[in-house]
Amino acid sequence: MNILISSAGRRVKVVQYFKENLNKVNGKVITVDCDTKAPALYFADDKDIIPRVDDKNYLDKLINICEKYKVDAILSLIDPELEILAANRKVFDDLNVKLILSPLEMLVIGYDKLAMYDYLLKKDIPCVPTFNNIEIVEEKIKQNLLDFPFIIKPQKGSASIGIELANNVEELKTIFAKEDNLIIQPFYKDKEFGIDVYIDLLDGHLVDIFIKEKISMRSGETDKSIAIHNSKITSLIKDFVIKTNFKGQIDIDCFEYKGNYYISEINPRFGGGYPHAHEAEVNFVEYIIRNLNDRVNKKYTSYNYEVGSIMMKYDDVKLI
């Protein structure tokens, strides 16, 4: 089995995990990226360069690479590419190439923070209130339903790009007026958690959960974290999986605020903190490979890791 990891970027560990698992069964990992200096390119069995996802030649080039390397499945590590792949699922079906991702409708909702809030609200799943109308926010402040500080960020975006904090009305108005398509969220953050979730690609049931409390962040990714067990978060995730239609690997951000738990963001892909789960022997790569071989994973029953392990990312160097 040959798996192509697209937009590999800096996710060296994810590439290595797939390579370790696939090489055991004579499979290969092929990495592609639009940047020849993307570090993860150089840790695969084969690599190639593709245009940016917004380039008119992107899809044709990706198809050619699939044919060249006899690719069996594709995994993308960036949000904008997920929708493009899902929208062209039939093209890849005709090539006998499986896509490791959620259905298109879930990806569209997941990339739009306001749409995701509305969706979760209708499903009665606790989530951080999200607004794109400053007048509504000001009215809720007057009614003592919301209070400062507020987070302002792009309605569609990732990697914590464009996020700003407002501590008073003047800052809120100034930041919100900077550009279009911004959203406002109250700063629900006594503690922050990252949850790695695997949902069976074939049956859609919950397979595994790994919960980490975030100690520090860098460039929108978890830099340090500690593994925990939390029954309330686990119940929240179980409810989320039952009520939604996500598939495969999901990265969920969750805030604790005044003793309650709220989903902040959903990234339907591997998150930057996944290496903590993998090193704690929660192996999503094995689950993916099993599904790609048309085998259903066992349903989730309990935590498959010990509490207390701490992940600390560090920099390394590769010369090419």
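The close-up views below are drawn from a predicted model.

**View 1. Helix H8 lies across strands S6, S7 and S8.** The helix comprises residues 169-176 and runs at about 145 degrees to S7. The three strands make up an open sheet in the order S7-S6-S8, and their pairing is antiparallel. Strand S7 (164-166) and strand S8 (182-186) are the edge strands, each pairing on one side only. From one strand to the next, the twist averages 30 degrees.

**View 2. Strand S6 pairs with S7 in the antiparallel sense.** Strands of a sheet pair through backbone hydrogen bonds, either parallel or antiparallel. Here, strand S6 (residues 150-154) is joined to S7 over three bridges. Within this region, Phe 150 stands opposite Ala 166, a residue of S7.

**View 3. The rings of Phe 18 and Phe 270 form an aromatic pair, one of 14 found in the whole structure.** Their centres are 6.1 Å apart and their planes stand at 90 degrees, so the pair is edge-to-face. Phe 18 belongs to helix H1 (residues 12-23), whereas Phe 270 is in the loop between strand S13 (260-267) and helix H10 (274-279); the pair therefore ties together parts that are 252 residues apart in sequence. Both residues count as buried because buried means under 20% relative accessible area: the value is 0% for Phe 18 and 1% for Phe 270.

**View 4. Phe 270 also forms an aromatic pair with Tyr 274.** This pair is edge-to-face, with 4.7 Å centre to centre and 65 degrees between the planes. Tyr 274 is buried, as is Phe 270.

**View 5. Asn 2 is a buried residue of strand S1.** The strand spans residues 2-6. Asn 2 has a relative accessibility of 15% and therefore counts as buried. A polar atom of the Asn 2 side chain lies 3.2 Å from the backbone oxygen of Tyr 69. Leaving aside neighbours within four places in sequence, the residues in contact with Asn 2 include Gly 27, Lys 28 and Ile 30, together with Tyr 69, Lys 70, Val 71, Asp 72 and Ala 73.

**View 6. Lys 318 lies over the face of Phe 43.** The distance from Lys 318 to the ring centre of Phe 43 is 4.9 Å.

Definitions and conventions:
Residues are numbered from 1 along each chain as its sequence is written. This is a predicted model: local features need pLDDT of at least 70, side-chain atom pairs count only at pLDDT 80 or more; totals for chains, interfaces and linings use all residues. Side-chain values use heavy atoms; hydrogens and water are left out. Helices (H or I, at least four residues) and strands (E, at least two) are DSSP runs, numbered from the N terminus. Buried means under 20% relative accessible area, exposed over 50%, partly exposed in between (1.4 Å probe, protein chains only). A polar contact is a pair of N or O atoms within 3.5 Å; within protein, one must be able to donate a hydrogen and the other to accept it, and residues adjacent in sequence count only if both atoms are side-chain atoms. Contact means heavy atoms within 4.5 Å. Rings of Phe, Tyr and Trp (its six-membered ring) pair if their centres lie within 6.5 Å; planes under 30 degrees apart count as stacked, over 60 as edge-to-face and the rest as tilted. A charge sits over a ring if NZ of Lys or CZ of Arg is within 6 Å of the ring centre and within 35 degrees of the ring normal. Two strands pair if DSSP finds at least two bridges between them. Axes are lines fitted to C-alpha atoms, for helices over the stretch in contact, and angles run from 0 to 180 degrees between N-to-C directions.
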